[in-house]
Amino acid sequence: MDEKKDITTQNEKSNGADEKLLKELENPQKIKKIVREGILLAGGGAAILLQVAMPGVGKGVDEHSNFSYRPLDRLRTTMTYVYCMAFGTPEEKRIIIEMVHKAHSVVRGPDYSADDPHLQVWVAATLYAVGIDLYEQIFGRMDEATAEAIYREYAILAVSLRVEPGMWPPTREAFWTYWDEQIEKLQHQITPQAKNVAKDLLFNKEVPFLIRISMPLVRLMTADLLPDRIREEYGLKTSRSRRGMQKVIRGFTKVVYPATPSFIRTYPMRYYMKDMRKRMKKAQQQQHG
């Protein structure tokens, strides 16, 4: 079947939020333990570069977004979606999902569409892979039962959109097989659009000064979280001294971060959720105004 026709057919079947799915996953518990941690924001750069390494995602972001002059917007919208799926009410989830569908509906080109479920699986996969990597670097490995339960709940990030439940790998073993296969493919096809996004993300002179002076650290941490060949394709340098700095940062964070009070570690989640609810309230007032 023609891929574009297949995507259109699936979109027609998936109009609006999947109420049955939202009911089943309206109160996930295990995933909250992971996504509430503010340290996951440190993986934002790596997750974005992995996402746009998929050609369809890279083209969509480069050609249809304001990434070049507002590079932090994708992080904000992505984290708002993640936090809402984990902590939001059923009504908040419905609203956010419909907003995502609306935003995705215009992001399409001759050979890509933001509504392509295969691309959505990949985006969700990067959030899981980077998030779990960071979490376990700081807090240590989870036992198998807990890790598997958390993985199953991460499916909500994919199947709440256009992804059929069967498209999300059923187990962690199946997921890492899928992941390795994708990385093997992508390391040979980083597109100019993906490299444009990387430049805008890591070398952007338009961001506020306080963010700009932190960019060397962001580049260092991003390079540390990327698979070697992907990092090389993006032109992110590594050396013995850089690897040494990365090791020091990991060690320092592993000691300091868990000892940080929970209300500080979870501040980004509470901030984004408050911002989301403020925006929703404003939109509702405008509709009824």
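How many aromatic pairs does the count come to? The count comes to 18, where rings of Phe, Tyr and Trp (its six-membered ring) pair if their centres lie within 6.5 Å. This is a predicted model, so local features need pLDDT of at least 70 and side-chain atom pairs count only at pLDDT 80 or more, while totals for chains, interfaces and linings use all residues. Residues are numbered from 1 along each chain as its sequence is written, and side-chain values use heavy atoms, with hydrogens and water left out.

**Ring pairs**

- Phenylalanine 175 and tryptophan 176 have ring centres 4.9 Å apart and planes at 85°, so they make an edge-to-face pair (planes over 60 degrees apart; under 30 counts as stacked, and the rest as tilted).
- Phenylalanine 175 is buried at 0% relative accessible area, whereas tryptophan 176 is partly exposed at 32% (buried is under 20%, exposed over 50%, partly exposed in between, using a 1.4 Å probe and protein chains only).
- Tyrosine 267 and tyrosine 271 form a tilted pair, with centres 6.1 Å apart and planes at 35°.
- These two tyrosines sit four residues apart in helix α18 (residues 267-288), so about one helical turn separates them (helices are DSSP runs of H or I, at least four residues, numbered from the N terminus).
- Ring pairs also link up a cluster, with Trp122, Tyr128, Tyr151 and Tyr154 among its members.

**The core**

- The largest nonpolar core has 78 residues, and Leu49, Trp122, Tyr154, Leu157, Trp168 and Tyr234 touch the most other members (a core is a set of buried Ala, Val, Leu, Ile, Met, Phe, Trp, Tyr and Cys residues joined through side-chain atoms within 4.5 Å).
- Helix α8 (residues 117-139) gives the largest share of this core, 14 residues.

**Pockets**

- The largest pocket holds about 1,400 Å³ of space (on a 1 Å grid over the protein atoms alone, a pocket is an open set of points where a 1.4 Å probe fits, with protein on both sides within 12 Å along at least five of seven lines; its volume is the space filled by probe spheres set on the points).
- Its lining has 42 residues, with Thr77, Met99, Val100, Ala103 and His104 nearest the centre (lining residues have an atom within 4 Å of a point).
- Helix α7 gives the most to that lining, eight residues.
- The second largest pocket has a volume of about 890 Å³, and α14 supplies the largest share of its lining, five residues.
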